[in-house]
Amino acid sequence: MPVLKIRKYGDPILRQKAAQQTTFEAALQQQAEDMIETMREAKGIGLAANQVGMPNALCVVEVGLVIEGAEPRAFVNPVIAATAGETVSYEEGCLSIPDVNDDVERPNQIRVRFQDLEGVSHEEEFEGMLARVLQHEIDHLNGIFFVDRLGPLRRKLLSKKLKELAEQTQRELAEEKSKRKPS
Ligand code: NI
């Protein structure tokens with residue numbers, strides 16, 4: 001199984017809203033497995049499809065980092081159906097934004113509607129860390145980064161770093177593109 005390249009802040013696919021997944025075939029299972037392997041290699045707790053350059057509404061979560069011994073899970077077409085509980089502030093990071101961590105406020109409890117890899121619909125409640133990770137990944141599938149959810153002051157403090165990262169990403173993308181052209 002290949003480890004996939006993780007797209008970085010500044011890559012336009014990370015601002016795209018994911019396309020609804022309508023087929024549930026072996027390719028989707030394979031994509032989920034590749035994403036789980038990529039997430040583990042990068043030591044992440046969650047990963048969304050656009051972070052590996054794929055446009056569909058799929059994310060994976062390393063549940064075992066929260067519940068000992070639990071298997072990683074895949075969520076297809078996930079949406080937050082409801083939120084509840086208090087709003088909690090906790091430090092987040094993102095594999096697409098290296099070296100940036102900051103506190104993000106999010107509801108502590110959510111109800112998520114999703115499909116599994118076979119296409120079966122589910123609705124399930126999550127709280128605490130799993131609720132946070134799922135909100136972070138569902139944000140990705142809507143083209144939203146955790147840094148978008150910071151207050152104006154924090155965003156301002158990070159703006160230079162984010163701009164530099166975006167510029168570096170765009171240089172790398174341009175380079176990749178030029179390599180693909182026949183010379
Ligand atoms: Ni992220």
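In the predicted model, lysine 163 and glutamate 167 form a salt bridge in which the closest N and O atoms are 3.3 Å apart. The two residues are four residues apart in helix H3 (residues 152-180), and are therefore separated by about one helical turn. Lysine 163 is exposed, having a relative accessible area of 56%, whereas glutamate 167 is partly exposed, with a value of 34%. Salt bridges that share partners also join Glu92, Arg106, Arg132, Asp139 and Arg149 into one network.

Within this network, the side chains of arginine 106 and glutamate 92 meet in a salt bridge with an N to O distance of 2.7 Å. This pair links distant parts of the chain, since arginine 106 belongs to strand E4 (residues 97-115) and glutamate 92 to strand E3, 14 residues apart. Both arginine 106 and glutamate 92 are buried. A further salt bridge is formed by glutamate 123 and arginine 113, whose closest N and O atoms are 3.4 Å apart. Glutamate 123 lies in strand E5 (residues 121-127) and arginine 113 in strand E4, so this pair ties together parts that are 10 residues apart in sequence. Glutamate 123 counts as partly exposed at 42% relative accessibility, and arginine 113 likewise counts as partly exposed at 43%. The count of salt bridges comes to 14.

A nickel ion has as its protein donors Cys94 (SG), His136 (NE2) and His140 (NE2), which lie 2.1 to 2.3 Å from the ion. Cysteine 94 is located in strand E3 (residues 73-94) and histidine 140 in helix H2 (residues 128-141), so that this pair ties together parts that are 46 residues apart in sequence. The spacing of the donor residues along the sequence is C-x41-H-x3-H, and both cysteine 94 and histidine 140 are buried.

Helix H1 (residues 26-41) contains 16 residues and should span 22 Å at 1.5 Å a residue, which agrees with the 23 Å that separates its end C-alpha atoms. The buried residues of H1 are Leu28, Gln31, Ala32, Asp34, Met35, Ile36, Thr38 and Met39, and what covers them includes strand E1 (46-48), strand E2 (58-61) and E3. Just after H1, lysine 43 takes a positive phi of about 55 degrees.

On the surface, Leu65, Val66, Ile67, Tyr90 and Met129 form a nonpolar patch, with about 450 Å² of accessible area together. Leucine 65 is found in the loop between E2 and E3, and is exposed, with a relative accessible area of 59%.

Conventions:
Residues numbered from 1 in each chain as written. Predicted model: local features only at pLDDT ≥ 70, side-chain atom pairs only at ≥ 80, totals over all residues. Heavy atoms only, no water. Donors = N, O, S within 2.8 Å, 3.2 Å for Na, K, Ca; no water. Buried < 20%, exposed > 50% of the residue type's maximum accessible area, 1.4 Å probe, protein only. Expected span 1.5 Å × (residues − 1). Contact = heavy atoms within 4.5 Å. Patch = residues over 30% accessible without salt bridge, like charges linked within 9 Å, V, L, I, M, F, W, Y side chains within 5 Å. Areas by Shrake-Rupley, 256 points an atom, 1.4 Å probe, with all protein chains shown as cover. Salt bridge = Lys/Arg side-chain N within 4 Å of Asp/Glu carboxyl O.
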